[in-house]
Amino acid sequence: MSSTQSSPNKKQKVDATTTIPTIQGLEDYSFRDGEEITPHGAMPQKKYYRSRAHANPLSFNDNLTYPTKPDDFDWQPYYPELPSSSSAPTVIDIGCGFGGLTVELSTLLPDATVLGLEIRAKVCEYVRLRIMSLRETEKGNYKNAACMRSNTMKNLVNYMHPNSLNKIFICFPDPHFKAKNHRRRIVSYDLLTEYAYCLKPNALLYLITDVKALHEWHLEKTDAHEMFARLSDDAMENDPCVKAMINVTEEGKKVERSGSNKYFMVYRRLPEEEVALETSEFLK
Ligand SMILES: C[S@@+](CC[C@H](N)C(=O)[O-])C[C@H]1O[C@@H](n2cnc3c(N)ncnc32)[C@H](O)[C@@H]1O
């Protein structure tokens, strides 16, 4: 499957190295009342890209197309300045919202290829324009950050190779409070199996929320999963990515302003040998 590049305003000179492919389902959201909403390279304004707070990832059938298998997808248009050998994502920010963490990780992890994944089209468009603007104004930077619209509950493994990711971030996910909606949550046994499949051995899964009951759900599900083990408190304390996920996401900042708590945990994806060892201990 190939991706379409955004169509620039004809009057503008567009630098292809700063461009990220358009957001599926939002190819035409460039003008409002005859005015261009965000000229190429400008920083977008959030007010034009807000949308309904929650999307239901289970009934989400917005005709999003996706590759049959990761080999069919070309990441080069998302990271035009990276060598093609390193253009597949190594760090993903699932439900990246307005992209604060995605952008921060780009500079914090300069050797990583960072991808924000977001289901809401306008929100994703905001992140796309935000990164394009940063690439434009700080030439050479942010070339390792991009975003893509996707329902990760359905399509993650269509895009990601097994054993390809160093880090997965799930920050302040939608809590889906009602028991009947718990199956919409982004952490479940089956989804953890997909995350383990995409992560490299010893790679890390970062989870943070301000909802205590959801945090307990995260711990219960991930502790029970044979492919994950908690990282030690020391290791978490020394990880700059933990500080970033606490402090720089848009939701994290909101929680900070309201004075509420943030609950987090980081898990290591166990290598197969360790899982086999634990299973054999268990069977004794
Ligand atoms: C509460 S926001 C948190 C945004 C961001 N991580 C932050 O901390 O500021 C959760 C985000 O996850 C997105 N989301 C929910 N389900 C998703 C899915 N299945 N695939 C991709 N994004 C999803 C929502 O659209 C929303 O933007």
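Reader: Which helix does T152 lie in, and what makes a stretch a helix here?

Author: T152 lies in helix α3. The helices are DSSP runs of H or I with at least four residues, while strands are runs of E with at least two, and both are numbered from the N terminus. Before we go on, residues are numbered from 1 along each chain as its sequence is written. This is also a predicted model, so local features need pLDDT of at least 70 and side-chain atom pairs count only at pLDDT 80 or more, but totals for chains, interfaces and linings use all residues.

Reader: Why is T152 called buried?

Author: Count its neighbours! A residue is buried if 20 or more other C-beta atoms lie within 10 Å of its own, exposed if 12 or fewer, and partly exposed in between, with C-beta atoms placed from the backbone. T152 has 23 other C-beta atoms within 10 Å, so it is buried. Leaving aside residues up to four places away in sequence, T152 touches I94 and L117 (touching means that the C-beta atoms, placed from the backbone, lie within 7 Å).

Reader: And what makes N151 partly exposed?

Author: N151 has 19 C-beta neighbours inside 10 Å, so it falls in the in-between class. You'll find N151 in the loop between β5 (145–149) and α3 (152–159). In UniProt, an unreviewed entry places the feature "binding site" at several positions, including N151 and T152. Feature names are shortened there, positions follow the numbering used here, and annotations may be inferred rather than shown by experiment.

Reader: Which residues are closest to the ligand?

Author: The closest are P57, G95, G97, T249 and E251, out of 24 residues that surround the ligand. A residue counts as near if its C-beta atom, placed from the backbone, lies within 6 Å of the molecule. The elements giving two or more residues to this shell are β4 (114–118), α3 and α8 (250–258). Of these, α8 gives the most, with 3 residues.

Reader: Which residues of α5 are buried, and why do we say they line one face?

Author: The buried ones are L214, H218 and T222. Seen down the axis of α5, they fall within an arc of 60°, so they line one face of the helix (the arc is that of the directions from the helix axis to the C-beta atoms). Here's the background: an α-helix has 3.6 residues a turn, so residues three or four places apart point the same way. On the other side of α5, K212, A213, E216, E220 and D223 are exposed. The cover over the buried residues includes α4 (189–198), β7 (199–209), β8 (228–230) and β9 (263–269).

Reader: Why is α2 described as largely enclosed?

Author: In α2, 13 of the 17 residues are buried, so the rest of the structure largely encloses this helix. K139 has 12 C-beta neighbours inside 10 Å, so it counts as exposed.

Reader: Where is D174, and why isn't it called buried?

Author: D174 is in the loop between β6 and α4. It has 19 other C-beta atoms within 10 Å, so it is partly exposed. The unreviewed UniProt entry marks D174 as "active site".

Reader: What is the mean pLDDT of the protein?

Author: The mean is 91, and 92% of the residues reach 70 or more (pLDDT is the predictor's confidence in each residue, from 0 to 100). Over residues 1–10, though, the pLDDT is below 50. Where pLDDT is low, the predicted coordinates should not be read in detail.

Methods: Two residues are in contact if their C-beta atoms, placed from the backbone, lie within 7 Å.
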